[in-house]
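User: I would like to go through the classifications assigned to this model. Please set each value against its definition.

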Amino acid sequence: MYYQVDAGVRSVWRHLRGSVVNPELVRAAEEANRSLWEQAADLAVPVEFVAGFRDLAAASLAQLSGSQALSHEEASARAVASAGVLEEGMESAAGAQDFERSCQTATDSILEGWADDPLSAVKRTRRKTDVWALAYQRFARPELGQYHG
């Protein structure tokens, strides 16, 4: 289900690069996001972290339909708070909040060039978020990183 949610969020990135939004993909991502939440108690991460992820994914997907506007400041605060919940709930997630803040600082730096070259800014940000997603997986499941350094 995570990957269906991710596919929907990726459509946000494609939309920012000028692609047409696939409404079926967005609907599937929204449904997967709801289903992921329903299984939150069975996951190995704090339920509050899953709730934060769910809310941020839902807000990102809602942006595509224009049904919701989430300010940069609100999204940033929610992400930092979710990382804090992860850090408090899991020994392996020490430093998650600082990591989230560093990701946001790097993203802000990349997006400073948005007006000059929006396509490049989106591509660079997406490449970075792919790497950061792997780091978050290692916070939650450290065994994922034991063979990859």
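User: Why is Ser76 called buried?

Analyst: Ser76 has a relative accessibility of 19%, and buried means under 20% relative accessible area, exposed over 50% and partly exposed in between (1.4 Å probe, protein chains only); Ser76 therefore counts as buried. The model is a predicted one, in which local features need pLDDT of at least 70, side-chain atom pairs count only at pLDDT 80 or more, and totals for chains, interfaces and linings use all residues. Residues are numbered from 1 along each chain as its sequence is written, and side-chain values use heavy atoms, with hydrogens and water left out.

User: Where does Ser76 lie, and what separates its C-alpha atom from that of Arg101?

Analyst: Ser76 belongs to helix 4, residues 72-89. Its C-alpha atom is separated by 8.4 Å from that of Arg101, 25 residues apart along the chain.

User: What makes up the secondary structure of the protein chain?

Analyst: The protein chain has six helices and zero strands, where helices (H or I, at least four residues) and strands (E, at least two) are DSSP runs numbered from the N terminus. Along the sequence, the pattern reads α-α-α-α-α-α.

User: How much of the protein chain is buried?

Analyst: Of the 149 residues in the protein chain, 35% are buried.
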